[in-house]
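Happy to walk through this one with you.

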2 protein chains.
Amino acid sequence: MVKRYLDKLPLKKAIEILEEEFKDLRAETEIIAVDQAVGRVTAQGIKANRSAPDFYASAMDGIAVKAKDTADASSRNPIILKKGVQAVPVDTGNPIPEGFNAVIKIEEVNEVDVDNYQIEKSVPVWNHIRSIGESVVKGNLILTAGHKIRDFDLGALLEAGVTELEVYKKPKVIIIPTGDELVRPSKELKKGELVEFNSAMVKSALIKWGAEVKVRDIIKDNKELIKKEVKKASKECQLLIILSGSSAGRKDFTRDILKAEAKILFHGVNIMPGKPILTAKLDDKAVVALPGYPISALLDNYLFVRELIYLLQGQKADQFDQEVVEVKRKISSDIGLEEFIRVNLIADSNGQKPLTAVPLKRGSSAMESIIKADAILRISENKEGLAPGDKAPAVLLKSKAKIKKDLLLIGSHDLSLDLIRNEIAKRGADFRLKLQTVGSMAGLTALRRGESHLAGAHLLDSESGEYNISYLKRFFKNKKMALINLVNREQGFYLKKGNPKNISSISDLKNKDINFVNRQRGAGTRVLFDYLLKEEGIDSTQINGYNKEEFTHIAAAAAVGRGSADAALGIRAAAEVIGVDFLSLTKESYDLILEAAMLDDPRIEYLIKLLREKEIKEQIKALGGYEVNASGSLKILEL
Amino acid sequence: MVKRYLDKLPLKKAIEILEEEFKDLRAETEIIAVDQAVGRVTAQGIKANRSAPDFYASAMDGIAVKAKDTADASSRNPIILKKGVQAVPVDTGNPIPEGFNAVIKIEEVNEVDVDNYQIEKSVPVWNHIRSIGESVVKGNLILTAGHKIRDFDLGALLEAGVTELEVYKKPKVIIIPTGDELVRPSKELKKGELVEFNSAMVKSALIKWGAEVKVRDIIKDNKELIKKEVKKASKECQLLIILSGSSAGRKDFTRDILKAEAKILFHGVNIMPGKPILTAKLDDKAVVALPGYPISALLDNYLFVRELIYLLQGQKADQFDQEVVEVKRKISSDIGLEEFIRVNLIADSNGQKPLTAVPLKRGSSAMESIIKADAILRISENKEGLAPGDKAPAVLLKSKAKIKKDLLLIGSHDLSLDLIRNEIAKRGADFRLKLQTVGSMAGLTALRRGESHLAGAHLLDSESGEYNISYLKRFFKNKKMALINLVNREQGFYLKKGNPKNISSISDLKNKDINFVNRQRGAGTRVLFDYLLKEEGIDSTQINGYNKEEFTHIAAAAAVGRGSADAALGIRAAAEVIGVDFLSLTKESYDLILEAAMLDDPRIEYLIKLLREKEIKEQIKALGGYEVNASGSLKILEL
């Protein structure tokens, strides 16, 4: 068997190895102007060069007085103070004239005439006078070494007479992308080409952490070329990142190169995604080879490279912002691997209990799911998954306050949902609508578990011909539920342009020459397909491709569009997006389902109002295949 | 009485007024390259231009096969697959050749010879094959409008064929600093001049929130000049900030100018600091006049200007990261004012209870206290302060994880503490030492309340001549406490250079011509002074300036240095910092005090080890006036 060795280091151990190996690796330092210093890290402690104020100063707009002159003043015995002699006008910040020792606020002074003030209250000595060093004191340590400078630090530094300071230079990082199949981002790709976007993603994160990053041109899978570039680059940076460099496949030369040229620290960590990370030390420089799958590269960048960027600036990386969350379904996980699972989070109605985590798609190349995620759930290596009710930490990708405001909809996919979701954001509403598209049945299951606020479903009851209601009776017995009509929409066949195989009905699919692609189990569209087959008396075994599943309308249409299938069932709007022919077969109702108690929720009210808006209805209609007369209409069911 | 009107708007109401008034104020939009877009905000929803992958692709390095060819394979019945016919080598990401429908991982394949592979396991159809759209699906909404782009968003955008996108331009902000007394940061200040640093502080925060900021030259308090600049600047920006523009004093013209030229929205909000903020609308542009005091300006910038910067980019500002914390002392607060109080936070030993908030200095011009703060405690306007045990929200300025790691020392001031604090940071320890310098007695009180981990004290018992122990007996009855010697140090008089008043002993202070400045009640140095007076049989009423208090050694030395006092008692090191003469009078012991149970804490172990280090002792000694033989020595007391 072709086997390449991968370590199985625990995460913590792997980070310790990096910290230990590079503990003395530091970026050089430089002297910069304070007003350019935000986000930079101090290389030395910084002391105040002067006190502020360094004279006794008025803390108010008013008059400076001698406290003893005011001793007898009261509203019944107002006292007159002679301007220039007993009282001197001062503004906030002005020095207190010699011999004066208190300030009276302008609001408490009556200017009798040009020469005299009247006061009605005595004031104590030092009243409204700022002490020397009230704000900053000469010689005091303002900032320690290893401090990342914030906006308000600037204020204290400048006030303390510090106008320049020694900081770490931005750590120099070079990224080398490698891979025969990779091309720079562009509009047109040839078959087999993939866009190289990991470098842009990794680079942006490194810049955020304080690094200065150069990305080299993509290098083909050629050992000599890669070796040359690695050796050259390692001389010009403190940290070298090789992209798609950590696999152990046929053309992955990075390991061999580093084995020959450098000291390999580890190759393989007990985490998923991100397992095959490779690290090495080359002439005291750090080398990290990241996996090619984007989610793996992203995670390893956050877990390992981030530590190094901080270390280079004399800091320890902050702990991630974690929150203990609960799961309401079984989530599998391999024992011996710490798994990082993208999740949405939802808060219960009173916000007291832990947030509930709802897993998104797991693949290490599922970019949409990282964009959609609220957090990354961590399942530790000594656990064989989580059971309903289990708790685990999750690294937050958004603020908790924001997450708590959001609405989560889990269910069937419809293009109008994207439109509505965008509209809510665009109008600056105080919440966001988040979508997980998993199919109608999985949507109802999630809603029943308390994993979502809303389900989206278009489930045909083959007995009654009605949509959703009979399913709700099964799922939500004895509950009071609400249905909001989203749209009524056309379902039909996606066909290749010009319909080369002349498909005109369900029964044509029996033709062995025709490849169908189905939707996943539990999808409303699959339920509909089964109903249509039954009506025609066709058995599923007669359909070539009945078991090949796609997960969304657009993916099904795309499968037809790319030629891997001749037909698929789905909604018209997706045909328009992908550019395939569409043969209309039937109409169906798509509803949003929620507990009736949630109808008072301002977010739901907002949503219903939006669905009833003429302008929105027009926009949905324009997507193709939609009837919107009933959109936003409401049914309440006691089940 | 000279009175200027100030509104007393609740904070929430004030923000609502701004949101309502400027709800349609938006920065223009522009099209930019995706790889430049991190931190920018989308002006439109963004859909995927293509699916990725848009062909069936191998998910592994291995061989593409026809699943049915593998059906009978097992370890007892290995099957040979002919290269090129039944098996084609593929790398991760390669397209699956026509007619093939599964991939076997390279690790599970045995290359028998150049023409044949052997396998020992069957594989299902579609094994290790990535579906079309597995990562992103053409036509799906990737990002909504109003989304601030993160590093990993770039990845999804580029993969989806989006190479440029429409974002809001950076909102244009102009800052106009005003004030006769203000000068640009520089090393030398004339008496009465203040450094203008608010603009640098405000600017940096605005840039962080996404704005493009120009700072104008400082304008003198001249109505015509300010008016001219305001009118000119308002044409060149969307948001105009006038610094030191919101007071209602003698020379504060901003209100008059805005009253004449613009629509004033509000002047004065029920908050402290930050009360006198002034906002206006000038030709649809937003104008905000911030108070001159830096903490007030800083707070108003975060509370109000931040909202506007987000609004200009089609977003709502995130809620602040708040945490409910507990207080262990009475904290006063005016009813009718929402107060924002800088605090340190400490965690209890098991980390389960709410964090405890310990207030720092409150003045609206105390920059050191904002630098030191972990959070800003909010006391709502309907509360008359907080009592011990009360809870209130606090806006975190650091990550909670970091705060929980820190050690907090409250007590007397000593210069070696800054040195140690910096050393801990510089060495990259996993914790930071935080200081609140409040005097010895207040330090012990804080420790007893559970507000700190350590107290720092040098309290002389006038009976026994011993330091600290008799006080501990009073403060920590029946407890087991530990004392760590920090230093032994010289105490003496700070005197003007050359000692012009010929002060050579305590009794010289009785001379009416001599102005003394004392330390605050509860300070160890004041206890020492009282002891020295008693020894000489001098009554405090005989001392001119006995009641004038400074709060640190350096502030006391500075008062002498600036000429406002002739003598003060304090430690030698501060004399060296400020550059005044020093007359040594006595030696004293400064100890760190903690519960003995904390001696196992790795942070305390670290601290003791550091204090015992030769190199550190040398550094402390070099500060002047220190004996370090006992530094780091330990006493445990059962009280």
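Q: How do you know how much area is buried between chain A and chain B?
A: Buried area is the accessible area (1.4 Å probe) that two parts lose on being put together, summed over both. For chain A and chain B of this predicted model, that comes to about 10,600 Å², with carbon and sulfur atoms giving 54%. Good to know before we go on: the model is predicted, local features need pLDDT of at least 70, side-chain atom pairs count only at pLDDT 80 or more, and totals for chains, interfaces and linings use all residues. Residues are numbered from 1 along each chain as its sequence is written, chains are lettered from A and ligands numbered from 1 in the order in which they are written, and side-chain values use heavy atoms, leaving out hydrogens and water.

Q: How many residues of chain A are in contact with chain B?
A: Contact means heavy atoms within 4.5 Å. By that rule 118 residues of chain A touch 118 residues of chain B.

Q: Why is the meeting of B:R562 and A:D54 called a salt bridge?
A: The term asks for a side-chain nitrogen of Lys or Arg within 4 Å of a carboxyl oxygen of Asp or Glu. The N to O distance here is 3.5 Å, so the pair meets the rule. Across the interface of chain A and chain B, six salt bridges are found. On the chain A side that touches chain B, helix α2 (residues 151-159) gives the most, with eight residues; helices (H or I, at least four residues) and strands (E, at least two) are DSSP runs, numbered from the N terminus.

Q: Why are β5 and β8 of chain A said to stand at the edges?
A: The open sheet of three strands has the order β5-β9-β8 (chain A), with antiparallel pairing. β5 (79-82) and β8 (109-113) each have a single partner strand, so one side of each is left without a neighbour in the sheet.

Q: How do you know which strands of chain B pair with β26(B)?
A: Five bridges join β22 (residues 322-327) to β26 (residues 391-396) in chain B, antiparallel, and B:V325 stands opposite B:A392. Strand β25 (residues 375-379) of chain B also pairs with β26(B) in the antiparallel sense, over three bridges; there B:L377 has B:A394 as its bridge partner.

Note on methods
Two strands pair if DSSP finds at least two bridges between them.
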